[in-house]
Amino acid sequence: MQVNWKRRRGTAQYLILILVVITVNFALPRMLPGNPLVFLAGEDVGLLSYAERNELLSRYNLDRPLPVQYVHYLRDLVTLQWGDSFSKREPIWDILWGRVPWTLLLALSSIVLSSFFGAVLGVRAAMNRGRWSDIRLLLIVSFLGSFPSFWLGMVLIAVFAVQLNWFPVFGAYTVGTGYFGLQKLADVLQHLTLPLLTLTLLSIGRYFLTMRYSLIELMGEDYIILAKAKGLPERVIKYKYVMRNALLPFITVLMMDLGFVLSGATVVETVFAYPGLGRLMFEAVLARDYPLLQYSFLVVALIVIAFNYLADRMYAYLDPRVGEEG
Amino acid sequence: MKNRAIFNFALVVLLILSSFIGMPSGSMAEGKVSELQIAIHRDENTLTPFTYVTGYPGAAVLRLVFDSLFILDEQNQPLPWMVADYEVNAAFTEYRISLLPGQFWHDGRPVTADDVAFSFSYPLTQSQTRWRRIAAQVESTDVTDELNLTIRLKTGNPDFLSQALTDMPIIPKHIYENEVDATMVGEALGSGPYRLVEYEEGKHYIFEAVPGYFRGDALVERIVMPIIPDITTIFQALTAGSIHATTAHVAPELVSVFAAERDIAVMSGPGLATTLLQINNEVYPFTLPEMRRAVMLALDLQELVDVVLLGHGDPGSLGFFHPAGIFGTDAFVPERDLTKSNELLDGLGFLRQGDFRVDGNGQPLSFELLVAANNPLRIRSAELIAEQLKEVGIDIRVVSLEPTTLDERVWPGFDVSQERNYTLSIWGWSAPVQLRPDALIQLAATDHAMGSLNLGGFASSEFERLAERFITEMNADARKAIIDEMQVLFARDIPLIPLFYQQVIMAYRPAAYAGWVLQQGEGIINKMSFLPGFARAGSAQEPQSDAAADGRDFLFYLLLAGVLGAVIVVKGRKKGHAS
């Protein structure tokens, strides 16, 4: 009974969070200075007369009071009539549908790779704490993580795409080739490699450090010393006692990273001309494209919230005490 | 078990290598280039006259798909295009046009005088200001037959041919006539030399040459335009051979790099885009012409050109127009004179206190200079201006802002009647402004409709009188004389300070295609670059096979096969151990 109540409370918290996100998504773009007129009227926007300008704003409901615009926004959101982008002149659904898969491919691949290698290297470093191999890993990972993303991307392009010609410079696939099946898959993977490598190299440090420090902290815990004293095998201590508990902060970082990678890969997507959501949102901000901003931020926020929800469930599975706490 | 793993590995290798078979390869008709990859540096939407975004590269690429009655040639002089014959009356109110026969829309229907008449009326119902501004001048259109019509203007305009008939894209009546909102037409169906066959939002455009185009078949059969927003990536791709040309102009620091590249050629010409120091004439002390003059005299424009543009540009003319342009003269290119600048500032009572001056109230002569954060050349210019003005005791604080925020501060709501929120800003106007005979009126007239680009709030009754004379004057020489007078007034009163005109520099791979025609101030992406009779001689060459790319493919497939094979072998071994 108490568990059900807690779950309901948890669900209610998520619903409130979604409502807040919906409202913030509406308010934030409108708080920015500027307006989308140049995209609605074209490059010679300065030639609009006062009446023409008002007529145009009225056509897109931009002259209405903010509460009225908010009600329209909620109505469109619920009825899934998301309308057209001001700047791209296409249905927002179509635009997002064309972008989300690429972002998910890049973001999820990056998270899988960086978390896997970060964890493996973190365990290795923690087990060899203070030795040269630990210090060496720490230095390398910290060094890689300190690069600005655009710079690292450019270096990878210059070396692997321009000099060695191993990978393409830009895009998510080769345009106009008619590839299909395995060819298409290989082409997509080829294009994915450098942006993925950039994001992975930049993110790996977070996982490495989290895993390393968690393990080092746990290794000194009384129950680990007791387990060693009981003569339990090293493997059991390492994986059953230490790793499982170290996973909690690791998963927290992983879920937080998802939000960053989904929306924060803007620079990497721009450098590699990768058609993802990050770049789309950046362009929408510059264009003050309110509808596109609202809904693209919403999609990202919902994905992040969904993964946070998943993380909460995983905490309860990994550490039963989480479910028991009030 | 081991045998099975090896078999699996071999199978994967075979499968992957088999994918090489049947890879599509470009075919080429005799004397033509089968395909060019030209990177475009922005997404210009569905590329119709009502959905494209920017003047450049949007409108430039649009003109590959849509024709206009006249085009601008290399020197920006009007050239009849769809027109066989034309006649203009003495009052410049009637333009009689005869169309060339044999023009077709990309869906096969013939282009008629009805379409042309429709093109000059329909934009009035739409919000696209560029075409609406032209259509608003038209009183009526009189279609005589399939190929003949007369366009009647509300008032005489001698520049209608060079300004409007070269600009207005002719659109198909049968596509647009029932559309209330033209932006809903997603298909870019024109009558130009290229048909847009594919557009993927944020990814690419693909164009195919229209067979039997009335000005001759295009020399490049297919143009693939990947959308690459990052300029550095574009030039990396050009160096790698992944693209053959680009709409992006080469940054000054890359010119020497490309000049040293054997496979890349560079073309350059005078640029007509103007970078200027925009002054808010309504904010004290810039309300005083002497103050504006003192600032102008303290600036070293040649240093800006040498340091910021590495010499690839020309210093600004106080008359606004580029000295090499249609209306410009080099008489108004200023010389730095610190002594005179100091004298003017002293005369205004702004006396030095330490490094900087103070006004009569003891307030330091210190101003914010706003600049767009996404434009490194302008940021560097602002820094140099700050250093130069420091020499005469003016303190400049450079503030870089997100571009739309800057727009809102300098040009709030894109409406000059709204209150401005800046003192100084590094600003710019695109090349077409330099081609407008009435550019100075737009930049300085106090009437908000006429002076729609008067971002500084400049006001001068003397200038207003010149503007009135210009509007009513129909004689070409007399109009040019009035423009000259306006430039003299600009040089005297300094409503703004043109800093420089950056050269247009384009880079391309000549082995792929060398027929490029550089249109002054614009670039190489224009109809002339692709059509016989205009494209430079010896242009039709087949692109060299990209051996490096083939090698890259092979390496990648080999790598993929290796990884998959290794996974299978390791897995097989583990299973073997387990069993």
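The model is predicted, so local features are given only where pLDDT is at least 70 and side-chain atom pairs only at pLDDT 80 or more, while totals for chains, interfaces and linings use all residues. Residues are numbered from 1 along each chain as its sequence is written, and chains are lettered from A and ligands numbered from 1 in the order in which they are written. The model scores ipTM 0.84 and pTM 0.84. Helices (H or I, at least four residues) and strands (E, at least two) are DSSP runs, numbered from the N terminus.

**Confidence**

- The pLDDT (the predictor's confidence in each residue, from 0 to 100) averages 89 in chain B, where 87% of the residues score at least 70.
- Among the elements of chain B, the lowest mean pLDDT, 46, belongs to helix H1 (residues 2–18), and the highest, 98, to helix H3 (residues 113–119).
- For residues 9–30 of chain B the pLDDT is below 50, and the model gives this stretch 27 contacts beyond near neighbours in sequence; a contact requires C-beta atoms, placed from the backbone, within 7 Å.
- Residues 538–551 of chain B also have pLDDT under 50, with 26 contacts beyond four places in sequence.
- Where pLDDT is low, the predicted coordinates should not be read in detail.

- Chain A has 14 helices and zero strands.
- The C-alpha trace of chain A spans about 85 × 65 × 40 Å along its principal axes.
- The contact between the chains takes 51 residues from chain A and 53 residues from chain B.
- Helices of chain A that each supply at least two residues to this side include H5 (92–127), H7 (149–163) and H8 (181–219).
- By class, the chain A side that touches chain B has 29 nonpolar, 14 polar and eight charged residues. Here Ala, Val, Leu, Ile, Met, Phe, Trp, Tyr, Cys and Pro count as nonpolar, Asp, Glu, Lys and Arg as charged, and the others, Gly among them, as polar.

**Helix packing in chain A**

- Helix H6 (residues 132–145) of chain A packs against H8(A) at an angle of about 135 degrees, with the axes 7 Å apart. Axes are lines fitted to C-alpha atoms, for helices over the stretch in contact, and angles run from 0 to 180 degrees between N-to-C directions.
- H6(A) and H8(A) are therefore oblique to each other; angles under 35 degrees count as roughly parallel, over 145 as roughly antiparallel, 65 to 115 as roughly perpendicular and the rest as oblique.
- H6(A) contributes Val141(A), Ser142(A), Leu144(A) and Gly145(A) to the contact, and H8(A) contributes Leu201(A), Leu202(A), Ile204(A), Gly205(A) and Phe208(A).
- That contact has six nonpolar, three polar and no charged residues.

- An open sheet of six strands has the order S14-S20-S13-S19-S17-S18 in chain B, with mixed pairing; two strands pair if DSSP finds at least two bridges between them.
- Six bridges join S13 (residues 274–279) to S19 (residues 424–429) of chain B, and the two run antiparallel. Leu276(B) stands opposite Trp427(B) in S19(B).
- Helix H12 (residues 376–390) of chain B packs on the sheet, touching S13, S17, S18, S19 and S20, and its direction makes about 170 degrees with that of S18(B).
- The axes of H12(B) and helix H10 (residues 301–308) of chain B come within 10 Å and cross at roughly 135 degrees, which makes H10(B) oblique to H12(B).
- The H10(B) side of this contact is Glu303(B), Leu304(B), Val307(B) and Val308(B), and the H12(B) side is Leu377(B), Arg380(B), Ser381(B) and Leu384(B). The residues divide into five nonpolar, one polar and two charged.

**Backbone features in chain B**

- Most residues other than glycine have a negative phi, and most peptide bonds are trans.
- A cis peptide bond joins Tyr56(B) and Pro57(B), with omega about 10 degrees; Pro57(B) is in helix H2 (residues 55–65) of chain B.
- The bond from Tyr284(B) to Pro285(B) is also cis, with omega near 5 degrees, and Pro285(B) is in the loop between S13 and helix H9 (289–298) of chain B.
- Asn76(B), not a glycine, has a positive phi of about 65 degrees and lies in the loop between strands S2 (70–72) and S3 (78–80) of chain B.

Notes:
Two residues are in contact if their C-beta atoms, placed from the backbone, lie within 7 Å.
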